[in-house]
Amino acid sequence: MCFGVASSLEQFQRCTDSMISDFPGVAAYLDDLIVSGQTEESHLKNLNALLQRLGNYMLCVKLEKLKFLESVEYLGHIIDKKGKRPSDSSIEAIKQLPRPTGVEESQ
């Protein structure tokens, strides 16, 4: 794809989504992949399947960017063994927003 094409991010996301669409517990946002599972065993099974798929597509991952079985803050949420919830920084940002003073501001 040519550099600077306006739809390139959409195309990349569509390709990523189609690559992982048949994997439960795997989500993608651009070049970030999140792998989850109900148990540690299912998490590792999903991770192994994803890594095999990436290999089939001849894609690489940077080991220093990987986090295994940890809590991560991602797109304003904390994702960990308890599930997904808003991060403290996201909640604080919402609390800092000024209250609307009229109908026009609340729309």
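The expected span of a helix is 1.5 Å times one less than its number of residues. In this predicted model, that rule can be applied to helix 2, which runs over residues 40-56 and has 17 residues. From its first C-alpha to its last, helix 2 reaches 24 Å, close to the 24 Å expected.

Which residues of helix 2 are buried? They are H43, N46, L47, L50, R53 and L54. Their spacing along the chain can be read against the geometry of a helix. An α-helix has 3.6 residues a turn, so residues three or four places apart point the same way. Seen down the axis of helix 2, the buried residues fall within an arc of 125 degrees, so they line one face of the helix. The face turned away from this buried side carries the exposed residues E41, K45 and N56.

The next point is what lies over the buried face. The cover on the buried residues of helix 2 includes helix 1 (8-20), strand 1 (26-29) and strand 2 (32-35).

Beyond the end of helix 2, the backbone has a feature to note. Most residues other than glycine have a negative phi, and most peptide bonds are trans. Just after helix 2, M58 takes a positive phi of about 55 degrees, although M58 is not a glycine. M58 sits in the loop between helix 2 and strand 3 (72-74). With a relative accessible area of 74%, M58 is exposed.

A positive phi also occurs at L75, where the angle is about 50 degrees although the residue is not a glycine. L75 belongs to the loop between strand 3 and strand 4 (77-80). L75 is exposed as well, with a relative accessible area of 53%.

The last topic is the cysteines. How many disulfides does a search of the whole structure find? The search finds zero. For C60, the distance gives the reason: the closest cysteine sulfur is that of C15, and because it lies 17 Å from the sulfur of C60, it is too far for a bond. The cut-off for a disulfide is a pair of cysteine sulfur atoms within 2.5 Å.

Note on methods: Residues numbered from 1 in each chain as written. Predicted model: local features only at pLDDT ≥ 70, side-chain atom pairs only at ≥ 80, totals over all residues. Heavy atoms only, no water. Helix = DSSP H or I, 4+ residues; strand = E, 2+ residues; numbered from the N terminus. Buried < 20%, exposed > 50% of the residue type's maximum accessible area, 1.4 Å probe, protein only. Arc of directions from axis to C-beta. Contact = heavy atoms within 4.5 Å.
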